[in-house]
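Thank you for asking for a second pair of eyes on this model. My notes are set out below as numbered points, to be read alongside the sequence and the coordinates.

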Amino acid sequence: MTDERTKILLPEDQIPTHWYNLTPDLPTPPPPPLNPATKQPAGPADLAAIFPEALIAQEVSTQRWIPIPDEVRDIYRLWRPSPLYRAHRFEKALGTKAKIYFKYEGASPVGSHKTNSSVAQAYFNKQAGIKRLCTETGAGQWGAALAFACQAFGLTCDVWQVRNSYETKPYRRMQMETFGAHVTPSPSEGTEIGRRLREKFPDTTGSLGMAISEAIEVAAGDPEANYSLGSVLNHVTLHQTVIGLETLAQLELVGERLPDHLFACAGGGSNLAGLSFPFLHENLTAGASVHVQACEPAAAPSLTQGEYRYDFGDTGGFTPLLKMYTLGADFVPASVHAGGLRYHGMSPLVSSAYDQKLLDAVAIKQRDAFAAGVLFAKAEGIIPASESNHAIAGAVAHLRAAEDDAAGQVVLIGVSGSGQLDLPAYADYLSGTMIDA
């Protein structure tokens, strides 16, 4: 049966009813965030200026399963459950004897996995009486997701977009503005930290760390506003686990065993966590042996080249100190096309799992990522997001190295979004002008 199916679909009544929290299953508990002034564990009061109580509770929760509100599940019905595909044509293109599946998040309202968390965050902020959300965005996928969620719940949305992406991805900005968001290139002249950064780095193309600082500065100064983050934090990785939970059900539906290898792109960690954490749950509690590989950009290789230490989550030093793999809060990545992966650090939960050797990591060069993405697009008819290409490239490298040993393997790839708005990046690759940073 598994050899015959291409699309594996679940009905809407099988949208997960709970999010999965990895924290209680980790062999060693993750180190807590620290108050930067006292160096003591940060408590709810340290987060209350920018997050609602419900999200703070999720951030520090040690519950394994956290209920998804009905109002959130009702909006999830617009695109969830998302499809799992058996990549028959991609298998032939690679000449592999492995079975390849990919979980596709590009059918969401904004074309990426980011809406899984934006809808939840907008809901909990609305319940808390907040009227305005401030955020950052790299490629624009998170900004568009939050803009969509804010209009769904009647909130104002302000987005600081990394300047490199603001200039090279104008349609992402238009997508955000279509949903009613106000978009500013970062670093900007409109905030104190933005002005300082522009003075210090006059030619900077920006970074997620810089944009985070601007959004937090504005949110903290407005009693009717909160800050909303699209990756990194525990509550964001929690919301994304609907991806992996659905995938487990879909594989079971067609009688397929758990994958031998799972590949997902990694920048801040939300997509990787969303797909892989439910499989790590199987590894940790049921004796499974799914090999998880985080595929990060060579331009911002926080896991493979960073240090595991406490660092700020933003360039301006506004956040609590997070124990994570980091290249340094002042690290400014090269202007690569995968804007959503250009971050100096990695999710504390992903970092903890990596430090405990529960997952692996590889750094992917930009041209290798797009070569794999083009091959995938020609075979499967889906143009992947620039970020997703890194996961595809990781799988391609593994399968080509395995050759005959790949026979009988089950491989799962996370395709986190659509690349329809990334076509200028593909034009750069196809013209031969793309360089590896």
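This is a predicted model: local features need pLDDT of at least 70, side-chain atom pairs count only at pLDDT 80 or more; totals for chains, interfaces and linings use all residues.

1. Helix α13, which covers residues 270-286, and helix α15, which covers residues 348-355, have axes that come within 11 Å and cross at roughly 45°. Angles of 65 to 115 degrees count as roughly perpendicular and those under 35 degrees as roughly parallel, and α13 and α15 are therefore described as oblique to each other. As for the hand of this crossing, it is left-handed.

2. Which residues make the contact between these two helices? From α13 come Leu272, Ala273, Phe277 and Leu280, while α15 supplies Leu349, Val350 and Ala353. When the residues of this contact are sorted by class, seven are nonpolar, and there are no polar and no charged ones.

3. Two or more lining residues come from each of α2 (53-60), β13 (321-326) and α15, and β13 gives the largest share, three residues. By class, the lining of this pocket holds twelve nonpolar, four polar and two charged residues.

4. How many cavities of 30 Å³ or more does a search of the whole structure find? The search returns three, and the second largest cavity contains about 190 Å³ of space. Of the 16 residues that line the second largest cavity, Phe51, Leu233, Thr319, Pro320 and Leu322 lie nearest its centre. The class count for this lining is 13 nonpolar, two polar and one charged.

5. Two peptide bonds deserve a look when the backbone is inspected, given that most peptide bonds are trans. The bond from Arg80 to Pro81 is cis, with omega near -5°, and Pro81 is found in the loop between α3 (70-76) and β4 (84-86). Ser186 and Pro187 are likewise joined by a cis peptide bond, for which omega is about 5°; Pro187 sits in the loop that runs between β8 (182-186) and α9 (192-200).

6. A further backbone point concerns phi, which is negative in most residues other than glycine. Val232, a residue other than glycine, has a positive phi, near 70°, and Val232 lies in the loop between β9 (225-227) and α11 (234-240).

Notes. Residues are numbered from 1 along each chain as its sequence is written. Side-chain values use heavy atoms; hydrogens and water are left out. Axes are lines fitted to C-alpha atoms, for helices over the stretch in contact, and angles run from 0 to 180 degrees between N-to-C directions. Helices (H or I, at least four residues) and strands (E, at least two) are DSSP runs, numbered from the N terminus. Angles under 35 degrees count as roughly parallel, over 145 as roughly antiparallel, 65 to 115 as roughly perpendicular and the rest as oblique. A crossing is left-handed if the near helix is turned anticlockwise from the far one by less than a right angle, and right-handed if clockwise. Contact means heavy atoms within 4.5 Å. Ala, Val, Leu, Ile, Met, Phe, Trp, Tyr, Cys and Pro count as nonpolar, Asp, Glu, Lys and Arg as charged, and the others, Gly among them, as polar. On a 1 Å grid over the protein atoms alone, a cavity is a set of points where a 1.4 Å probe fits but cannot get out, and a pocket is an open set with protein on both sides within 12 Å along at least five of seven lines; lining residues have an atom within 4 Å of a point. Grid points are joined across faces, edges and corners, and a volume is the space filled by probe spheres set on the points.
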